[in-house]
Amino acid sequence: MRSRVIKSLYKKEMLDVLRDKKTVVMMLVVPIILYPLLMLVGMLTMTKISTDIETRTYKVAFSKDVSDELIGYFDEGATDEYSFFVYEDVAPEEAQLLLEQEKIDVYVTLQATDMSAQETEKKAVKERYQIDYLSSVNNSGYGADRVQSVLASYSRDMSKRLLEKAGLDADYILNPVELKLADKAKAEESAGNLMGTIIPFMLIVSLLMGTMYPAIDTTAGERERGTLETMLTLPISNQELIFSKFLTVATIGVASAILNLISMGGVSSYMYHIAVSVGGMNQGINFVRFIPAVIIGVLCILAFAIFVSAITMCVCAFARTYKEANNYITPLMLVILFASFASMLPNLVLNARTALVPVVNICLLIRDILAFKYNFAIIALVLASNTIYGILSVLFLGRIYKSEGILFGESLAGIRIFERRCNMKKGQPVAMGELVIVLAVELLAVIYVGGAASLASVYKGIIITQLLIFSIPVLAAWYTKCDMRQTFKLKAPKPRELVAAVFMVIGAMLLGMVLTAIVGSIFTGSAQNAMADTGEYMKGGFGISVLLVAVLPAICEETLFRGYVMSAFVSRFGKVTAIIGTACIFGLYHMSIVKFFTTALLGAVFCYVVYETRSILPAILMHFINNATACVQMYYPEIIEKYLPVFAGETVTLQDMALILAMGIVMLVTGKMILNMGCRKIEK
Amino acid sequence: MLQATNVVKTFEKNEKHGRRISFNAVDGVSLTINQGEIVGILGPNGAGKTTLLRMLGLLMKPTSGEVLIGEGGKSAGLELDFKKKIGYLSNNTKLYGRLSVRELLNMVGDIHEMSKSEIAERIEELTKVLDMGEFIDNRIEKLSTGQTQRASIARCLIHNPEIYIFDEPTLGLDIMSSSAIIEFMKQEREKGKAVIYSTHYMEEAEYLCDRIIMLFDGKVIAEGSIDGLRKDTGKERLRDIFTAYAYDRQVSE
């Protein structure tokens with residue numbers, strides 16, 4: 001990449017983007033005006049509402065038998081805190097009506113006492129009051145609270161009198177323990193804590209807003225305006241082109257985030273001054289203590305801006321027009337916004353695990369920094385993971401931007417599921433849009449239907465889940481008149497290919513073990529959980545387990561993943577993207593961070609074999625071997641211990657790991673060589 | 001100057017009955033363009049003209065075959081240095097509406113790694129030649145169609161290329177603008193530049209081209225000077241000549 005070219009491209013992109021009204025509005029107007037405005041308006045209405053509640057005169061009605069003494073507590077000036085308007089001698093029927101018409105807020109009655117009990121036991125009788133209110137009416141609810149506290153003080157006074165009558169120290173008996181709550185947090189810490197819950201969310205919203213428009217503009221917008229081909233006529237490499245675009249989007253994202261921070265900082269300091277002058281907050285915030293937090297925060301925002309810019313651009317790169325890009329970016333925005341609520345969840349803390357979750361980590365980090373919790377190891381982890389995600393997404397972006405389909409405006413194949421079946425052409429490949437729908441339906445079905453079935457019994461759950469996994473893609477493929485043989489790769493494999501598959505699955509399993517060990521050491525604790533689940537399956541005996549855990553999933557999951565999903569990817573992308581994409585979806589399907597890497601690795605190997613052999617059977621065999629091994633391990637751990645001690649070893653040493661890794665690689669390479677043997681013969 | 005040997009470009013498309021099939025948009029085309037000549041590419045829609053020109057302009061990589069540029073005859077691939085010798089213009093090469101013509105030309109010059117003074121001189125020169133003085137500092141989105149076309153030509157001239165590749169440069173233009181482009185191509189031929197361009201206007205090709213390449217279904221069905229083609233088919237008008245070749249082709253298949 002040549003710096004001069006990138007510089008002039010960057011300059012061009014910046015001019016182009018900054019001269020676009022939409023970007024400028026999103027980047028400047030929104031953060032500078034809208035957010036502070038929203039915050040102020042929000043604060044003002046909140047204080048207005050709360051003062052209304054405080055200063056309101058609540059209308060209280062009493063039934064006839066309520067004593068004057070109690071009513072006296074509600075008279076004007078009796079309490080400094082609340083003010084009441086009193087109606088006396090109101091009948092219950094009338095009160096109900098008045099309550100409903102909101103003429104009164106609360107109605108207090110004295111309950112009839114059980115006279116017989118009084119006579120037989122000669123005991124003092126409690127005064128029982130009932131407070132009627134309508135929880136559906138706000139003022140009535142607040143009024144009831146106030147009335148309750150007045151009644152409590154009435155009750156307190158009464159007990160005091162009674163105690164004194166008995167010659168006891170009323171004050172001591174009523175309050176034998178004195179409590180005082182003291183907030184020892186420094187003023188800036190509590191301020192930081194408060195801001196820490198809001199700022200991450202606001203920041204992410206503004207970053208998204210800031211990057212969204214330039215991301216669309218430099219990718220889909222450029223294609224829509226037809227300037228992309230002009231760029232291609234120039235002596236620029238694709239890397240230079242995409243890198244300069246990316247720099248532009250990242251610059252604007254960061255700039256917009258910083259603008260947001262500044263304006264939010266301004267608003268916060270304004271509100272702080274108000275708070276201090278009103279006297280609700282302790283004075284003496286030490287602003288110097290915020291400086292390191294701000295510096296680290298800016299670094300994190302930089303890394304995060306890179307990540308956000310790259311993924312928004314990745315999404316937009318597939319779109320040909322503004323409108324299309326907007327459609328693609330909305331779900332992404334929703335996901336990111338949802339994740340950014342993390343900072344508002346008090347139970348979610350930043351640790352080694354959450355530090356790896358994109359978006360969530362940055363929210364938690366900012367929250368922690370503002371609360372002055374420093375853990376440099378974890379900050380480093382957040383920065384590193386964001387940087388890595390950023391780099392990965394930039395690399396991916398560079399990859400997809402290289403494809404001529406993207407550059408010369410081939411759109412994603414349409415969704416045919418909503419068309420009438422008779423209008424569909426026969427033998428079409430699976431479209432990406434259809435894949436998204438099928439996966440969404442699959443997800444819902446597996447969670448709800450499969451989940452409901454598994455409540456009844458574990459076996460039922462497995463069977464129904466697997467049947468759903470199998471039938472939904474098959475139905476979708478049938479409905480869209482896909483070529484079944486091609487989509488699901490129904491082709492008899494050669495014996496050589498099956499042998500290769502066996503080698504490769506063993507290799508993949510060995511590598512998977514190493515990976516599981518590595519991931520398990522990062523996410524400690526989850527590995528045991530995974531093992532605990534499997535115990536449930538063991539009830540039915542080995543044969544049934546093999547059938548349910550190995551045979552059924554091998555067929556059903558392969559039909560979905562290596563059949564339907566991979567066909568959709570292959571029809572649109574190249575080999576590598578198809579394999580990685582399918583493998584990632586396969587990994588995600590297992591819904592566990594710990595399992596993700598291992599299953600994705602296995603998935604990738606399955607995909608490779610299916611791609612090379614064009615037959616799904618080797619993958620079914622591989623899947624079966626993998627799952628069956630797990631079964632054997634569950635039922636007959638002693639067999640594994642005897643013949644393959646390395647596998648069973650509870651404490652795997654580094655040496656063993658290296659051995660397993662080497663064995664795995666050897667197996668994979670051998671498998672690949674066996675696979676390729678035939679190809680060379682054909683070429684000759 | 002510019003040479004293509006057995007260039008093939010394969011695309012995938014959905015066919016009537018069946019699976020996604022691959023087809024060759026350009027199917028084994030070989031051609032040579034020499035200094036000081038204008039070569040016209042004729043063919044119906046979907047014949048592969050644009051794809052061929054995109055490969056010659058190094059915008060696309062051929063699936064197989066080679067594009068050679070310059071005297072050395074080295075394989076070009078998508079190497080950037082070769083792009084500097086080419087000026088490529090098509091209906092799809094739009095300009096950045098939010099930049100002024102001068103800013104655009106500066107950017108293009110920068111990307112061609114010309115020196116600042118070189119760029120300034122060249123802009124000065126082009127402004128005179130293409131009569132862009134009154135709008136050179138205006139935003140491109142504000143220009144008229146004719147002005148935009150002139151700015152586009154300036155864009156592909158700024159680095160003083162040796163080879164011009166034009167994809168239907170006169171499509172949809174009025175008589176004044178299209179004759180300006182035709183005159184421009186003639187002038188460049190006088191300067192010893194090579195021009196290859198595609199068009200649907202047979203008269204224009206007859207008037208302008210030294211040599212005609214007829215493309216049909218991704219293959220070259222005829223090539224030669226207009227006189228040569230006339231002799232070969234016994235037809236007078238280019239239109240009829242093309243139909244004759246296309247008919248022969250279909251019969252022989």
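Start where the two chains of this predicted model meet. The contact draws 28 residues from chain A and 29 residues from chain B.

Select the chain B side. Highlight H3(B), which gives the most, with five residues. Now color the chain B side by residue class. There are 10 nonpolar, 10 charged and nine polar residues on the side that touches chain A.

Next, move to the sheet in chain A. Four strands form an open sheet, and their order is S2-S1-S3-S4. The pairing is mixed. Select S2 (83–87) and S4 (129–132) of chain A. These strands stand at the edges with a single partner strand each, so one side of each has no neighbour in the sheet. Look along the sheet for its twist, which averages 25° from one strand to the next.

Now pick S1 (residues 57–62) and S3 (residues 106–110) of chain A. They pair in the parallel sense, over three bridges. Zoom in on Val60(A); opposite, in S3(A), stands Val106(A).

Select H4 (residues 92–100) of chain A. Helix H4 of chain A packs on the sheet and touches S1, S3 and S4 of chain A. The direction of H4 makes about 160° with that of S3(A).

Last stop: H6 (residues 138–165) of chain A. This helix lies across S1, S3 and S4 of chain A. Check its direction against S3(A): H6 runs at about 40° to that strand.

Technical notes: Residues are numbered from 1 along each chain as its sequence is written. Chains are lettered from A and ligands numbered from 1 in the order in which they are written. This is a predicted model: local features need pLDDT of at least 70, side-chain atom pairs count only at pLDDT 80 or more; totals for chains, interfaces and linings use all residues. Two strands pair if DSSP finds at least two bridges between them. Helices (H or I, at least four residues) and strands (E, at least two) are DSSP runs, numbered from the N terminus. Axes are lines fitted to C-alpha atoms, for helices over the stretch in contact, and angles run from 0 to 180 degrees between N-to-C directions. Two residues are in contact if their C-beta atoms, placed from the backbone, lie within 7 Å. Ala, Val, Leu, Ile, Met, Phe, Trp, Tyr, Cys and Pro count as nonpolar, Asp, Glu, Lys and Arg as charged, and the others, Gly among them, as polar.
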